[in-house]
Amino acid sequence: MAAAAAATARDRRRRSRAPEAAAAADEDGEEQHLNPFLEGAHPASSRVQFRKVASRARWVEEAGAAEVVDSKGKLWLTTGVNRGGKLYYNVEEIGFLAERGALILLNDKDETIGMGDIYEKIARGNYGCSWDAFQAYKHLKSLGYIVGRYGVPWTKKDSGTCDIIHESTSMDETDQSVDGADGTFSDITKLLKEMQIDGICPSFRVYLPNSKFKKSAPGSPSFLLCILRDKPPSRVELEAVENKFEGIPLKYCHVDNGRVSFLSFSNVTLPNLP
């Protein structure tokens, strides 16, 4: 009887230590790029888990992005753009990481910027990402997808072959670049948000979870994601955007009061009835 009680006590202590061990394993802040909808993935493994690790980044208002000053873990492998040997986070990446305690955002006085102020930056829509686009971004990231802003290569080596930009705008004009001489941003984010593109345009390029993903050679995306606005797109708009990005699957996202829905359209030929 005493032996059984002792064994039960040992089991209880072992179970109580298990969460600490799991936390230690995840302390490097690595994203778990597994998806419950992919074959062989455990349902719980799609969650992006961060434990006791937070990078720090300083907000640069002129660029609408944050320069990482202290990077922790392996988040940089699939998050942020690399320019001039530095790492920068777009506003949607800042919001996603800060929500999970993986990033501390600082102002120019190295004071912490709270979540309320981060949400306000996103909600303004002045930094190349709307609130609806942010909701779509964090939903996909939470499922383990690798998500990058459309038209902005992760690195200079990323040729961005999938990024078909409006005819009047070149890739160099849409790239968030850093001047190599003094390390200051070119004010490219403003060009991004002021681009006049007729009809529907992708907001993000999305890749399947991949532990071997490289920003310098990302390959073709699994699909491009377009954010639907107030009204459904017309058939003419859908056909136009499908033809423009022929060969790359397109998916559409609609956000209604925080509820994120994803759509795709297929051509269907109805049989002639007798």
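Author: Ala, Val, Leu, Ile, Met, Phe, Trp, Tyr, Cys and Pro count as nonpolar, Asp, Glu, Lys and Arg as charged, and the others, Gly among them, as polar. The model discussed here is predicted.

Reader: How do the residues lining the second largest pocket divide into nonpolar, polar and charged?

Author: The pocket has a volume of about 270 Å³. Its lining includes Leu 238, Phe 245 and Phe 265, which count as nonpolar. Arg 235, Glu 239, Glu 242 and Glu 246 also line the pocket, and Arg and Glu count as charged. The division is 3 nonpolar, 4 polar and 4 charged.

Reader: Which strands stand at the edges of the open sheet, and why is one side of each left without a neighbour?

Author: The sheet has 5 strands in the order E3-E4-E2-E1-E5, with mixed pairing. Each edge strand has a single partner strand, so one side is left without a neighbour in the sheet. The edge strands are E3 (81-83) and E5 (103-106).

Reader: What is the bridge partner of Arg 83 in E4?

Author: E3 and E4 (residues 86-90) run antiparallel, joined by 3 bridges. Arg 83 belongs to one of these strands, E3 (81-83). Its bridge partner in E4 is Lys 86.

Reader: At what angle does helix H2 run to E4?

Author: H2 covers residues 91-99. It lies across E1, E2, E4 and E5. Its angle to E4 is about 85°.

Reader: How many residues of H2 are buried?

Author: Buried means under 20% relative accessible area. H2 is mostly covered, and its buried residues number 8 of 9.

Methods
Residues numbered from 1 in each chain as written. Predicted model: local features only at pLDDT ≥ 70, side-chain atom pairs only at ≥ 80, totals over all residues. Heavy atoms only, no water. Pairing = 2+ DSSP bridges. Helix = DSSP H or I, 4+ residues; strand = E, 2+ residues; numbered from the N terminus. Contact = heavy atoms within 4.5 Å. Axes fitted to C-alpha atoms, helices over the stretch in contact; angles between N-to-C directions. 1 Å grid on protein atoms, 1.4 Å probe; cavity = no way out; pocket = protein on both sides within 12 Å on 5 of 7 lines; lining within 4 Å. Points joined across faces, edges and corners; volume = space filled by probe spheres on them. Buried < 20%, exposed > 50% of the residue type's maximum accessible area, 1.4 Å probe, protein only.
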